[in-house]
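Subject: Structure for your review

Dear colleague,

Please find below the structure that I am handing over to you. My notes on what was found in it follow.

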Amino acid sequence: MEKTNKYLTLGFIIVELLIYISFMIMDIFNFGDTVVIKYLSICLIIIFLMISIFVNKKIKWCYFIGLIFTLIADTFLLLLDSHYYLGLLSFNIVQTLYFLPLKERIGKWFNIQLLGRGVIFIVCGILALTTSNIDVFLSASYITFFILNIITILLIKNKGDLKLLLIGLIIFLMCDLSVGLYNLGYYFDIPYNIDKVLDKISENLMWFFYLPSQVIISIYAKKEYKKSN
């Protein structure tokens, strides 16, 4: 069983690495549209975890469901390139699901933080519904939950297996910072030439960070189950 798990994980990493190298080269040298390839790389993560469930008979469901919502988010934000608010809402759910398993690690602070997150989401939700900037407020709640997750893990003394999750989340955050850099021109008056350079760099950086982060998180989800057995 352990050999099967190792070969499954190794095969998954190799295939994702080949896909990663392919779309990065295509993006850098403008060889064509890579949207479908990128989307398939996230689909592969779900397939990998579904096979892991079959092999291991069980898995940590918060991470698995979180990665399913990641795929849902990418369906709207990447594949369909529309209804961004549904993609951002999905990412809010992702960061909430990644927080829930930390309950045993942070004790009484879990309920306090959960309440605080609920207040943040309700406030952002009300602001989103009462203004035309629904994407902005959903982004605000999402990035707040995201940063809170990273800070929470950093403050846990005995991180143990959480180190892999922390690495995945930090790389994930680098992707979101690249998205912010890409959209900088929408909010600030930047000279056209500089804006075009920033767009090109940040556009390539998004998936430079994004796929590795999701692969690391998916391996963590599988690895954590094996440790708990």
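A salt bridge is counted here when a side-chain nitrogen of Lys or Arg lies within 4 Å of a carboxyl oxygen of Asp or Glu. Please note that this is a predicted model, in which local features need pLDDT of at least 70 and side-chain atom pairs count only at pLDDT 80 or more, while totals for chains, interfaces and linings use all residues. Residues are numbered from 1 along each chain as its sequence is written, and side-chain values use heavy atoms, with hydrogens and water left out.

Salt bridges

The count comes to two salt bridges. In one of them, the side chains of Lys-38 and Asp-27 meet at 2.7 Å, N to O. This pair links distant parts of the chain, with Lys-38 in helix α2 and Asp-27 in helix α1, eleven residues apart; helices are DSSP runs of H or I with at least four residues, numbered from the N terminus. Both Lys-38 and Asp-27 are buried (buried means under 20% relative accessible area, exposed over 50%, and partly exposed in between, with a 1.4 Å probe and protein chains only).

Asp-161 and Arg-105 also meet in a salt bridge, at 2.8 Å, N to O. Asp-161 lies in the loop between α7 (134-155) and α8 (162-182), and Arg-105 lies in helix α5 (residues 103-106), 56 residues apart. Arg-105 counts as partly exposed because its relative accessibility is 34%.

Helices α1 and α2

The axes of helix α1 (residues 2-28) and helix α2 (residues 35-56) come within 10 Å and cross at roughly 175 degrees. These axes are lines fitted to C-alpha atoms over the stretch in contact, and angles run from 0 to 180 degrees between N-to-C directions. The crossing therefore makes α1 roughly antiparallel to α2, a term for angles over 145 degrees.

Positive phi values

Asn-30 lies in the loop between α1 and α2. Its phi is near 55 degrees, a positive value in a residue other than glycine. Asn-30 counts as exposed, at 59% relative accessibility.

Asp-81 follows α3 and is placed in the loop between α3 and α4 (84-99). Asp-81 has a positive phi of about 55 degrees although it is not a glycine. With a relative accessible area of 47%, Asp-81 is partly exposed.

Yours sincerely

Technical notes:
Helices (H or I, at least four residues) and strands (E, at least two) are DSSP runs, numbered from the N terminus. Angles under 35 degrees count as roughly parallel, over 145 as roughly antiparallel, 65 to 115 as roughly perpendicular and the rest as oblique.
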